[in-house]
Amino acid sequence: MPAIRRYAVCGLSARGLASFVLPILGLTDRTAEGGFGYGADEDDLSQYAEVVAIVDTDADRVAEFNASLEAPIPYFADYDEMLKTVVPDAVIVTSPDHTHAEYILGALRQDIDVITEKPMVTTAAAAREVLEAERASGGSVQVTHNFRYAAAHREVKRLIQSGTIGRVTRVVMDYHVDLRHGASYFLRWNRRRELSGGLQVHKSSHHFDLLNWWIGEAPEEIFGYGALNYYGASSPHRAPRAEDPYFLAQHGSGVFPDGADVRAGLFGLHYPGQYPADRQLYIYDDEIDVEDTYSAVARYPGGAMLTYSIDFSSTWEGFRLSVAGTHGSIDLLHGRTVEGAALPDSDRIRVAELFGPAREIEVAAEQGGHGGADPRMRHDLFAGPSPESVELGLLATSTEAAYAVAMGDALIQSFTTHRPVNLPALLA
């Protein structure tokens with residue numbers, strides 16, 4: 001059994017709480033209550049890890065959480081003070097995206113390992129700084145790109161890696177975020193580019209990482225267009241709350257905050273610092289400055305070409321994937337309705353030989369957060385990589401995560417310049 005490692009958690013977010021803090025504390029009774037969309041599971045990680053500190057700007061939120069524990073976790077408002085006082089073996093970064101770089105770089109300067117939520121950082125420049133710092137440090141950076149771990153995604157990787165369809169020539173992903181899920185981003189800090197890097201970085205870094213992992217290369221160049229079509233001040237759906245179609249469509253979902261009280265999140269914890277009661281956010285606010293619709297094309301050194309599109313106000317959630325190779329093709333639909341019902345033929349992989357028969361692979365559902373991805377990823381992070389993880393390269397490296405960020409950042413540049421952007425140059 002590996003020695004128990006001491007972790008400091010930077011940011012008591014819903015994801016940090018559900019996916020890391022509660023499993024590490026062994027509070028499986030709480031994770032069983034809900035929060036699976038944030039990666040909560042009933043797996044107990046206390047034999048591998050302990051939480052020795054929490055760093056957060058919201059002291060009241062941490063105090064509310066600590067009050068529910070038999071033994072409160074030491075709280076620090078000052079990150080550098082925590083590093084000097086506690087000297088953790090590693091930090092887990094689950095704070096808002098724009099703060100990731102500060103926490104990662106601070107740990108690397110002290111030769112401390114980092115596990116960080118995606119996106120690793122919010123700009124290509126910050127990603128380059130992290131890569132430079134990691135090379136000079138005794139610490140390492142792992143990024144939680146859990147999208148790789150879903151059963152169907154592992155099977156697609158296995159098919160490509162085994163040469164089933166030959167060399168990949170073309171990949172198309174058409175991604176949809178349903179109108180409930182999509183609206184939620186515009187009620188949070190994600191709606192401001194300075195805090196999230198835009199949804200091209202916050203959300204699509206997951207998709208870009210997955211696509212790069214499937215193709216097996218980092219891209220050379222990307223170009224795209226984007227727009228704000230559904231939300232913000234110019235939305236065609238803008239209306240008083242009682243008549244707002246987005247608000248009416250959320251009935252029972254808990255997406256829109258109720259009343260003028262301090263916003264409560266997962267497990268009933270409040271956000272008095274981040275979302276004060278006197279500053280209510282809405283999906284048509286003037287400050288929204290990120291796109292909700294965009295498309296991109298990218299080119300890879302080995303000859304593969306990528307076409308990617310996404311919108312954040314769809315009638316369904318999920319994606320259609322088509323992978324073409326020199327010897328065949330792979331097609332996959334992964335989707336559900338707004339109400340959560342699986343779409344017909346979802347998660348059936350169709351494999352066709354170029355000059356031969358086609359076959360279907362039906363992927364069995366797995367238990368756990370994000371379709372069983374989170375418990376597998378946590379095992380790799382805390383107990384050590386499984387043989388399958390080593391075979392498929394499931395754990396995302398800092399370089400792979402940097403390219404996922406750079407693709408999103410480059411897209412924003414391309415929207416402005418109407419020119420393709422060289423990706424290696426952004427990280428050089």
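Asp97 touches Lys118, Pro119, Thr122, Trp189, Leu195, Ser196 and His202, residues up to four places away in sequence not being counted, where contact means heavy atoms within 4.5 Å. The model is predicted, so that local features need pLDDT of at least 70 and side-chain atom pairs count only at pLDDT 80 or more, while totals for chains, interfaces and linings use all residues. Residues are numbered from 1 along each chain as its sequence is written, and side-chain values use heavy atoms, with hydrogens and water left out.

Asp97 lies in the loop between β4 (90-93) and α5 (100-109), helices (H or I, at least four residues) and strands (E, at least two) being DSSP runs numbered from the N terminus. With a relative accessible area of 3%, Asp97 is buried (under 20%, for a 1.4 Å probe and protein chains only). The C-alpha atoms of Asp97 and Val121 are separated by 6.2 Å, although these residues are 24 apart along the chain.

Helix α1 (residues 14-25) packs with helix α13 (residues 369-383) at an angle of about 50 degrees, the axes being 12 Å apart; axes are lines fitted to C-alpha atoms over the stretch in contact, and angles run from 0 to 180 degrees between N-to-C directions. The contact is formed by Arg15, Ser19, Phe20, Pro23 and Ile24 of α1 together with His370, Asp374, Met377, Arg378, Leu381 and Phe382 of α13.

Key:
Buried means under 20% relative accessible area, exposed over 50%, partly exposed in between (1.4 Å probe, protein chains only).
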